[in-house]
Amino acid sequence: MIELSDRPMTWVFAGDSITQAVLHTHGARGWVEHVHERIRWQLDRLTDIVVNTGVSGWRAPDVLAHYDHLIGRFAPDVLSISLGTNDARAGLAGLDEFSTAMREIIARTPGTQLVLHTPVLVSIAGQAARAEQPAYCQAVREIAADTGAVLVDHEAYWRAEFGADDPIGWLDDPAHPNPLGHRRMADLSLKAMGLGELDEL
């Protein structure tokens, strides 16, 4: 759960294309935009700053290499990291590099409230390219446990919804959520952070 301050807070959401929310939302809000709506409007935190630094196609080592630009200069009170979907394409051979980069990003941001996300499920058609993605999800869980970060376990949530069925109903292609998938990501993120539910407009 995120502890809210009486003073204005800065929130940074770092990640890949799913965080950036380009193309696959078809003009609808991405999950970070939904969270932004909840924080700055519905919770009346009008002077909080919410920064989305997601970059399409990037992996944890890419974010680490550009840490100062994407994260450090904002001195965030809350840092959300949602990575692993692109990293998983490297299979088990890339798992150590992913975990090391994730831990280094966290180590460079002391005193920040952390939120870590497991990747969402990919479709059956997308599993061949990301066969080891469950191992990356488990790595995120372990890092969250080790660091005391808030864990947003999208993989578990989507698996509970779809079981062994293809999750294409929440996807726009084999790996990217559609608008409904983004809304479900936002709902789970808000719940895990203790920020309540989005008010329906």
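Modeller: Happy to! On a 1 Å grid over the protein atoms alone, a cavity is a set of points where a 1.4 Å probe fits but cannot get out, and lining residues have an atom within 4 Å of a point. Grid points are joined across faces, edges and corners, and a volume is the space filled by probe spheres set on the points. This is a predicted model, in which local features need pLDDT of at least 70 and side-chain atom pairs count only at pLDDT 80 or more, while totals for chains, interfaces and linings use all residues. Residues are numbered from 1 along each chain as its sequence is written, and side-chain values use heavy atoms, with hydrogens and water left out.

Searching the whole structure turns up two cavities of 30 Å³ or more. The largest cavity holds about 60 Å³ of space. Its lining is made up of Asp16, Ile18, Ser82, Leu83, Thr85, Thr118, Pro119, Val120, His154 and Met185. Sorted by class, that lining has five nonpolar, four polar and one charged residues (Ala, Val, Leu, Ile, Met, Phe, Trp, Tyr, Cys and Pro count as nonpolar, Asp, Glu, Lys and Arg as charged, and the others, Gly among them, as polar).

The second largest cavity holds about 30 Å³. Around the second largest cavity sit Ser17, Ile18, Ala21, Val22, His24, Thr25, His176, Pro177 and His182. Here the classes come to four nonpolar, five polar and no charged residues.

Key: On a 1 Å grid over the protein atoms alone, a cavity is a set of points where a 1.4 Å probe fits but cannot get out, and a pocket is an open set with protein on both sides within 12 Å along at least five of seven lines; lining residues have an atom within 4 Å of a point.
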